[in-house]
Amino acid sequence: DRPPRSGDVAIAATVLAATLFPPPHASSLALALAALWAIFTSPARSALRRSGIIFLTITGALIWGRLMLAMFSRPLLDIDAWFVSQLLGSGHSGNMIWSDRIRLLVAPGCSSMQGMSLALVFWATVNQFFDVRFGWRAALACLAALAATVGINVLRIGAMLRWPEHLAEIHHGLGWHIANWTTLVLVVAICLYGARREIFGAR
């Protein structure tokens, strides 16, 4: 509802140029740039600013979560392995866990980081779409959604350690689908419940 400024034109041209490059990271960075521009140049709680926040969290799933995993994979994977060892009382060293039947390495593909990135996307979408003010209630919903993704992932890795004879099925078969759908249902339920006042007018 306002004429484009010189900065808007420059950002639009940069984004357009980035989309012409084949590597997907270029488009992800362009989306992050456009999102940050919308956030910092739009009025508080405006539709454009809230959209920018959603798009910025999308770039977290596309690039920043993966970048963090690449840069800090060892401590992040160690944390997942530690949670599994505490859950089952199994052996643990770094990102390796073991029982008397099997040894497993928690690899980047099994990290909780990607699930947490996607949980942030849904949480931000719900809160920004329904214009939920950020406060303790919204923060608790975010933390609960992140905890749900970590918890389900830890249970899945623990199941592979506990029942190694079904490792393939749990890792990338039916167990993988069950874990992903359970995570999705929990994240959706938690985020909607956290924003219930704005969505349903609940008290």
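The patch lies on the surface and consists of L29, W64, L67, M68, M71 and F72, with about 580 Å² of accessible area together. Patches are made of residues with over 30% relative accessible area and no salt bridge, nonpolar side chains (Val, Leu, Ile, Met, Phe, Trp, Tyr) being joined within 5 Å and like charges within 9 Å. A salt bridge is a side-chain nitrogen of Lys or Arg within 4 Å of a carboxyl oxygen of Asp or Glu, and accessible areas come from the Shrake-Rupley method with a 1.4 Å probe, only the protein chains shown counting as cover for residues.

W64, found in helix α3, has a relative accessible area of 35% and is partly exposed; buried means under 20%, exposed over 50%, and partly exposed in between (1.4 Å probe, protein chains only).

## Basis of the model

This is a predicted model, in which local features need pLDDT of at least 70 and side-chain atom pairs count only at pLDDT 80 or more, whereas totals for chains, interfaces and linings use all residues. Residues are numbered from 1 along each chain as its sequence is written, and side-chain values use heavy atoms, with hydrogens and water left out.

## Helix α4 and its buried face

Helix α4 (residues 73–88) has 16 residues and reaches 23 Å from its first C-alpha to its last, close to the expected 22 Å, a span defined as 1.5 Å times one less than the number of residues. Within α4, the residues L77, D80, A81, V84 and S85 are buried. Seen down the axis of α4, these buried residues fall within an arc of 140 degrees, so they line one face of the helix; the arc is taken from the directions from the helix axis to the C-beta atoms.

The cover over the buried residues of α4 includes β1 (91–93), β2 (96–98) and α6 (136–162), where contact means heavy atoms within 4.5 Å. After α4 comes G89, whose phi is positive, near 70 degrees.

## Positive phi in two loops

R45, in the loop between α2 (24–41) and α3, has a positive phi of about 65 degrees although it is not a glycine. D131, in the loop between α5 (113–129) and α6, has a positive phi near 55 degrees and is likewise not a glycine.

Notes: Helices (H or I, at least four residues) and strands (E, at least two) are DSSP runs, numbered from the N terminus.
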